[in-house]
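Colleague: Could you walk me through reading strands and a buried residue here? I have the viewer open.

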Amino acid sequence: MRTANLTTALVLAAGVALAASPQAPARPSAVEVARAIQQKYDRIHDFSADFVHHYEGGVLRKKLTERGTVRVKKPGKMRWDYTSPERKEFVSDGNRIYLYVPADNQVMVSPVPREDQATTAVLFLVGKGDLVRDFNVSFAEGGGPDTFALRLEPRLPERDYDWLELVVDRSSYQIRSLTAADKQGGRSTFVLSNFKENVGLSDKTFAFRIPPGADVITTGSSPR
């Protein structure tokens, strides 16, 4: 589950950054909504938010609810602080990714995926993705009188997820939630609140020091 959470966090962080547009027509097409989100995303340098993560899936159809805060800064820096029910820290400093579980006194370290290895969702973090170019976009069920719900199906097969669903505020286009469907049949939904963009996050926010005595597990090759 922890490995799945790490992948989901990468996917989500990319989707979360696709936030808001100050103007929107009464009933634009799904592609027009996606294009407006993309235009706003291109102007977002960093953001922070509170999140609630609901996961259901796997062979045993396990359910999990987690809470915490997320902070992201382009290109590729992010910090997820899980506070409930288990404390965890998931940090990317732009070169390496650290997943720290205090209860296990363990840190998993891996390189940030290179562009030729990254999913289309992760590419949004480095400003190289495009919703309309990289996804087949359509309206999804779940939208309401004050929201738009988009289903994003990658044009090329992805190894980590089948599709994404993004729900945004109809008037501001600010993110409400994002769902990722993984290859094992699981669903991860992140519901966001207290969203703040372009707050001037310091690079120090994304620095991670391995705690003394922690068991370190390194995976993947060294980043270029």
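Colleague: How many bridges join strand β2 to β3?

Modeller: A word on the source first: this is a predicted model, where local features need pLDDT of at least 70, side-chain atom pairs count only at pLDDT 80 or more, and totals for chains, interfaces and linings use all residues. Residues are numbered from 1 along each chain as its sequence is written, and side-chain values use heavy atoms, with hydrogens and water left out. Strands are DSSP runs (E, at least two residues), numbered from the N terminus, and two of them pair if DSSP finds at least two bridges between them. Here, seven bridges join β2 (residues 62–73) to β3, and the two run antiparallel. Arg67, for instance, has Ser84 in β3 as its bridge partner.

Colleague: What phi does Gly76 take in that hairpin?

Modeller: Gly76 takes a positive phi near 80°, in a hairpin with three residues between the strands.

Colleague: And which residue in β4 does Trp80 stand opposite?

Modeller: Trp80 faces Phe90 there. Six bridges link β3 to β4 (residues 88–93), again antiparallel.

Colleague: Is Thr147 buried or exposed?

Modeller: Buried means under 20% relative accessible area, exposed over 50%, partly exposed in between (1.4 Å probe, protein chains only). Thr147 counts as buried because its relative accessibility is 7%. Thr147 lies in strand β8 (residues 147–154).

Colleague: What does the side chain of Thr147 reach?

Modeller: The side chain reaches the backbone nitrogen of Gly144 at 2.8 Å.

Definitions and conventions. Helices (H or I, at least four residues) and strands (E, at least two) are DSSP runs, numbered from the N terminus. A polar contact is a pair of N or O atoms within 3.5 Å; within protein, one must be able to donate a hydrogen and the other to accept it, and residues adjacent in sequence count only if both atoms are side-chain atoms.
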